[in-house]
Amino acid sequence: MAKSHETTIRVAASPDRLVEVLTSDAYHVARDIVQGAITVTVKGRSRDGARLVYEVHTTRYARGLTGVDRSKTEASVATYTWDLDARAATWVHRGPHDERAQVNGTIAIEPDGDGSLLHDALHVTIRVPLIGGKIESLVVSELKKGFEKYVKVVRDHAER
């Protein structure tokens with residue numbers, strides 16, 4: 001059974017400006033670095049009309065049930081597919097635990113007065129008998145810990 005976490009934040013930027021920010025290399029690098037990434041690279045941009053696709057390659061210290069292991073690193077890739085006209089995206093994370101873990105989500109932006117509402121949804125599925133649900137809860141809990149840093153990066157970049 002998957003665990004999900006949804007958030008909505010208000011950003012003092014137009015929806016078009018917020019899309020510009022959320023699809024920029026600088027934003028992805030800053031967001032992942034404040035959340036513990038060692039290296040971040042945006043690659044493979046392709047655009048076909050209103051469809052934009054790119055990958056965010058990240059290296060982090062290895063993580064396990066016992067926490068962070070600074071003696072090892074893990075590489076992961078998040079693929080973002082944007083519908084620029086709808087101001088919405090889906091993303092899929094691929095990493096070293098793909099055989100047992102699926103992480104994906106959605107992003108949607110809507111106008112709100114002179115600003116925007118940013119809706120994020122995260123879905124985690126862990127396929128481990130008996131303890132998968134417990135691990136899903138731990139993953140979502142860890143991701144929530146970085147939420148304030150994420151909000152700060154979004155707002156800092158949007159208000160430049």
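At what angle do helix H2 (residues 25-34) and helix H4 (residues 147-158) pack, and how far apart are their axes? The angle is about 155°, and the axes lie 9 Å apart. That makes H2 roughly antiparallel to H4, a label given to angles over 145 degrees, while those under 35 count as roughly parallel, 65 to 115 as roughly perpendicular and the rest as oblique.

Here is some background before the tour. This is a predicted model, in which local features need pLDDT of at least 70 and side-chain atom pairs count only at pLDDT 80 or more, while totals for chains, interfaces and linings use all residues. Residues are numbered from 1 along each chain as its sequence is written, and side-chain values use heavy atoms, with hydrogens and water left out.

**Helices against H4**

- Helices (H or I, at least four residues) and strands (E, at least two) are DSSP runs, numbered from the N terminus.
- For the packing values, axes are lines fitted to C-alpha atoms, for helices over the stretch in contact, and angles run from 0 to 180 degrees between N-to-C directions.
- H2 and H4 cross in a right-handed way; a crossing has that hand if the near helix is turned clockwise from the far one by less than a right angle, and is left-handed if anticlockwise.
- On the H2 side, the contact (heavy atoms within 4.5 Å) is made by Ala26, Tyr27, Ala30, Arg31 and Val34, and on the H4 side by Lys149, Tyr150, Val153, Val154 and His157.
- Sorted by class, this H2 and H4 contact has 7 nonpolar, 1 polar and 2 charged residues; Ala, Val, Leu, Ile, Met, Phe, Trp, Tyr, Cys and Pro count as nonpolar, Asp, Glu, Lys and Arg as charged, and the others, Gly among them, as polar.
- Helix H1 (residues 15-22) also packs with H4, at an angle of about 115° and with the axes 9 Å apart.
- The crossing of H1 and H4 is right-handed.
- Arg17, Leu18, Val21 and Leu22 of H1 meet Val154, His157 and Ala158 of H4, a contact with 5 nonpolar, 1 polar and 1 charged residues.

- Strand S5 (residues 88-94) and strand S6 (residues 101-112) run antiparallel and are joined by 6 bridges; two strands pair if DSSP finds at least two bridges between them.
- A hairpin of 6 residues links S5 to S6, and histidine 93 has valine 103 in S6 as its bridge partner.
- S6 also pairs with strand S7 (residues 115-126), in the antiparallel sense and over 12 bridges.
- Within that pairing, isoleucine 109 stands opposite leucine 118 in S7.
- The S6 and S7 hairpin has 2 residues between the strands, and glycine 113 in its turn has a positive phi of about 60°.

**Two buried residues**

- Isoleucine 9 sits in strand S1 (residues 3-11) and is buried, with a relative accessible area of 7%; buried means under 20%, exposed over 50% and partly exposed in between, for a 1.4 Å probe and protein chains only.
- Beyond its neighbours within four places in sequence, isoleucine 9 is in contact with Ser116, Leu117, Leu118, Phe147, Val151, Val154 and Arg155.
- Isoleucine 9 and valine 154 are 145 residues apart in sequence, yet 9.8 Å apart from C-alpha to C-alpha.
- Valine 103 of S6 is buried as well, with a relative accessible area of 18%.
- Setting aside neighbours within four places in sequence, valine 103 touches Trp91, Val92, His93, Leu122, His123 and Val124.

**Partly exposed residues**

- Arginine 87, in the loop between strand S4 (67-83) and S5, is partly exposed at a relative accessible area of 22%.
- Most residues other than glycine have a negative phi.
- Arginine 87, however, has a positive phi near 55°.
- Arginine 51 belongs to strand S3 (residues 51-64) and is partly exposed, with a relative accessible area of 46%.
- Ser46, Thr81 and Trp82 are in contact with arginine 51, leaving aside its neighbours within four places in sequence.
- Lysine 72, in strand S4, is partly exposed at 49% relative accessibility.
- Leaving aside neighbours within four places in sequence, the contacts of lysine 72 are Arg60, Tyr61 and Ala62.
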